[in-house]
Amino acid sequence: SAARFGNLRGITLDTAGNVYVADGGYDGQNQCIRKITTNGLVSTIYGQPGSGISFTYLGVLVFDVSGNLLVTDVPGTWKITPSGVSSLFVASTFAASGTVGMAVDSYSGLIYQSSPFQCVLKIYPNGTTNVFAGSASAGPGSVDGTGLAARFRDPHGLAVDSQGNVYVADGFNHTIRKITATGVVSTFAGLAGNPGSTDGSGSVARFNAPNGMAVDPAGNVFVSDSNNHTI
């Protein structure tokens, strides 16, 4: 309780159980990454004076399969190696905001990132980036389809299950979308353009601006349903 934080955003864990937090601070003042050890010791590890890394608008944090820390920021996505070497991993051509979602497939090593340009990106470990689903030029929509034929409206949080399926919190469509490993997009839960808070199966369920996503080992999907203030 002696530690203090500002505006907390992304959070993730390493393989040893240490917690890493993106601390945006009040009015963007902090813009640093904090580390919390398993016994609760908090330290500022990146973004502090002398660290050699300066952030603009921190968002999501994830570790890739090689132990690199990936961080979304306004210039793009940074990669920080276990030894602390940082580089711009994905430029802002696609990922123009620190508020997008990001998830790692722990089996294939592929990285997925939602984009404010109404699409979901597939990022290879070497940084090569492709549009996996949706279209950066066609604009928003709610069409199910394969690859570039699909449409999203403000995709945010992402999660990947053990089969390589990617789940997307499609914010302004108020739906949860599912993308198979081959790029086939379907609406997994909710009904596009119909916000609400109804519990139910498939298209009977209703969400209101869903945002964060997670999948447990059994394949259950968890959603932070922002405007309903519920999980």
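# Strands, cores and salt bridges

Colleague: Which residue in β8 is the bridge partner of G76?

Modeller: A91 is the bridge partner of G76 in β8. A strand here is a DSSP run of E with at least two residues, a helix is a run of H or I with at least four, and both are numbered from the N terminus.

Colleague: Where do these positions come from?

Modeller: The model is predicted, so local features need pLDDT of at least 70 and side-chain atom pairs count only at pLDDT 80 or more, while totals for chains, interfaces and linings use all residues. Residues are numbered from 1 along each chain as its sequence is written, and side-chain values use heavy atoms, with hydrogens and water left out.

Colleague: How many bridges join β7 to β8?

Modeller: Five, between antiparallel strands, with β7 covering residues 76-80. Two strands pair if DSSP finds at least two bridges between them.

Colleague: And what is the strand order in that open sheet?

Modeller: The order is β5-β6-β7-β8, four strands with antiparallel pairing. At the edges are β5 (61-63) and β8 (86-91), each of which pairs on one side only. On average, neighbouring strands are turned by 25 degrees against each other, direction ignored. Axes for this are lines fitted to C-alpha atoms, for helices over the stretch in contact, and angles run from 0 to 180 degrees between N-to-C directions.

Colleague: Changing topic. What do β18 and β19 form?

Modeller: A hairpin, with five residues between the two strands. G219 in its turn has a positive phi of about 90 degrees. Four bridges pair β18 (residues 210-215) with β19 (residues 221-225) in the antiparallel sense, and M213 stands opposite V223.

Colleague: How many residues are in the largest nonpolar core?

Modeller: There are 14, and Y112, V120, F152, L158, V166, V168 and I179 have the most contacts inside the core. β12 (129-134), β14 (155-160) and β15 (166-170) each give two or more residues to it. Apart from this core lies another, of 13 residues, including A22, Y46, L61 and V71. A nonpolar core is a set of buried Ala, Val, Leu, Ile, Met, Phe, Trp, Tyr and Cys residues joined through side-chain atoms within 4.5 Å.

Colleague: Is D23 buried or exposed?

Modeller: D23 is buried, with a relative accessible area of 0%. Buried means under 20%, exposed over 50%, and partly exposed in between, using a 1.4 Å probe and protein chains only. The side chain of D23 makes a polar contact of 3.0 Å with that of N30. A polar contact is a pair of N or O atoms within 3.5 Å; within protein, one must be able to donate a hydrogen and the other to accept it, and residues adjacent in sequence count only if both atoms are side-chain atoms.

Colleague: Which side chain meets R34 in a salt bridge?

Modeller: That of D23, at 2.7 Å, N to O. R34 is in strand β3 (residues 32-36) and D23 in strand β2, so the pair ties together parts eleven residues apart in sequence. A salt bridge is a side-chain nitrogen of Lys or Arg within 4 Å of a carboxyl oxygen of Asp or Glu, and by this rule there are three.

Colleague: Which residues are linked in a network of salt bridges?

Modeller: D144, D170 and R177. R177 meets D144 at 2.9 Å and D170 at 2.7 Å. R177 is buried at 1% relative accessibility and D170 is buried at 0%, while D144 is partly exposed at 39%.
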